[in-house]
Amino acid sequence: MSRMLSTVLAAASMLALAACSGKQAADVALPSAAAAAPLAAPADLGPPQGEPIHAVLTSPPHVPPPIHRNYPAKVIVELEVIEKEMPISEGVTYTYWTFGGTVPGSFIRVRQGDTVEFHLKNAPDSKMPHNIDLHGVTGPGGGAASSFTAPGHESQFTFKALNAGIYVYHCATAPVGMHIANGMYGLILVEPPEGMPKVDHEYYVMQGDFYTTGKYRQKGHQPFDMEKAIDENPTYVLFNGHEGALTGDKALTARTNESVRLYIGNGGPNLVSSFHVIGEIFDRVQQEGGTHPQENVQTTLIPAGGAAIVEFHTDVPGSYVMVDHSIFRAFNKGALAILKVDGQENKAIYSGKEVDSVYLSERAEPNLKAVSVAARAHAAGTLSKDEQIAAGKQLFTGTCSVCHQANGEGLPGVFPPLARSDYLAGQDKNHLISIPLHGLTGRITVNGKDYDSVMPPMTQLTDDEVANLLTYVLNSWGNAGGQVSKEEVAKVRAQPAPPQTAEH
Ligand SMILES: [Cu+2]
């Protein structure tokens, strides 16, 4: 068995290598005003001048326009806390607590030296009191003590933005962890007096971890799970609060030969993010939101309650996948976003496909499609057999085809075929269901050939996903047909795993 096991592991690591190979370093530097900037000491740039200004707030992934002011002003910020139910994944809803109706909350942009008059409103239909702690505030609690606001009330406090940088804000009402876990965080940019260097695109992306009582992608309304949160065992790790918030037609966009600046925050409440863009190198990073940039960075660490400013130049068209490189979070908990770059190929920098390899973003897409097919069917009530087959087919691409191949033929001597499999035909339904749930090891014979290998359990799959996958397999490639329901899967899941022996 061990020889076969090492073959499986070798195949898996080859896939991982193929997925991670990115572009070569591009020798392009962005204008480096920040690099040359003097050490920013907390400076009182004098009293506010001119008429008070109402701050423009934006929803993610948008960022308010640059400030072209050369004097400190009084800036009025009005932010409303709204508690509302929204989808966290396809077919899954969650009750979010938000600053401004979105997760992360509205982006706030001011200039160093500005006097900020902050108005925090709490919507009348809120169930909880809330407040705000801005990490860009100098003063006890960062504003939290002055901003405790009951439902239907408004509070006001004023602070001077002494330090330039990108800062997290969050709710700090007890239980603090729960308010943050429900989505109560966002970013405030305090521009240096000379402003930010000009770029072609600025985007706002913020990671957060979420804790639901149900499993990842388990359909229906999912309440907050305090125990999982205390154990720091998130169900979802997401960019901009929802699975798919920045993929498909909601992907961020740019063209080749442009400069992109990302304001990347991490609301936590628990996890630290290893932020990475597959196939890009960050030309410049203001790590931890600090003033002095680091250059040529592959992955930048963003603490919970921290942020960074990341800049790069686009050279080659394609889909660039942004991930938390703690990689199970990307492919099994949702921490995945896409920057789509359109424009001219540049073969001198990247050749395109020279070897046949599995491309990460293409594998991510069918997975999301599978979820949307299943979710539509779920919303409609029960799934017909055809809907199960359609959903299973999409899911097979990202889940089983890695080993059994898209055409179900397997790989001779390594992965057995599912197509016209006499082994499959001879199993009772419960044992069939237990294969994806519990895995399969030991000697088996399929279509006259022996296999003595290991199929790992696919515990990340929900009951309806297993049902759809098996229904697809049973009705494909000349297999005998049949149907598996999610209730049947739930029954097998509830039983102990069968002993893995040499006999099946
Ligand atoms: Cu709150």
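Predicted model: local features only at pLDDT ≥ 70, side-chain atom pairs only at ≥ 80, totals over all residues.

Me: What makes helix 10 (residues 429–438) mostly covered?

Reply: Of its 10 residues, 7 are buried. They are H431, L432, I433, S434, I435, P436 and L437.

Me: And what is found at the start of helix 10, and what follows the helix?

Reply: At the start, a side-chain oxygen of D428 comes to within 2.9 Å of the backbone nitrogen of N430. After helix 10 comes G439, with a positive phi near 85°.

Me: Let's turn to the metal. Why is the site of the copper ion called irregular?

Reply: The angles among its 4 donor atoms run from 87 to 138°.

Me: Which atoms coordinate the copper ion?

Reply: The donors are H130 (ND1), C171 (SG), H179 (ND1) and M184 (SD), at 2.0 to 2.5 Å. Along the chain they follow the spacing H-x40-C-x7-H-x4-M. H130 lies in the loop between strand 5 (115–122) and strand 6 (133–134), and C171 in the loop between strand 8 (165–170) and helix 3 (176–181), so this pair ties together parts 41 residues apart in sequence. H130 and C171 are both buried.

Me: Now the rings. Why is the pair of F396 and W477 called tilted?

Reply: The structure holds 15 aromatic pairs. In this one the ring centres are 5.3 Å apart, and the planes meet at 55°. Stacked would need under 30 degrees and edge-to-face over 60, so at 55° the pair is tilted. F396 belongs to helix 7 (residues 385–399) and W477 to the loop between helix 11 (463–474) and helix 12 (486–494), so the pair ties together parts 81 residues apart in sequence.

Me: How do you know that F396 is buried?

Reply: Its relative accessibility is 2%, and buried means under 20%, so F396 qualifies.

Me: What about R217: buried or exposed?

Reply: R217 has a relative accessible area of 6%, so by the cut-off of under 20% R217 is buried. A polar contact of 3.3 Å joins its side chain to that of Y216.

Methods:
Residues numbered from 1 in each chain as written. Heavy atoms only, no water. Phe/Tyr/Trp six-rings, centres within 6.5 Å; stacked < 30°, edge-to-face > 60°. Helix = DSSP H or I, 4+ residues; strand = E, 2+ residues; numbered from the N terminus. Buried < 20%, exposed > 50% of the residue type's maximum accessible area, 1.4 Å probe, protein only. Polar contact = N/O pair within 3.5 Å; in protein donor to acceptor, adjacent residues only side chain to side chain. Donors = N, O, S within 2.8 Å, 3.2 Å for Na, K, Ca; no water. Tetrahedral: all angles 85-135°; square planar, octahedral: opposite > 155°, others 65-115°.
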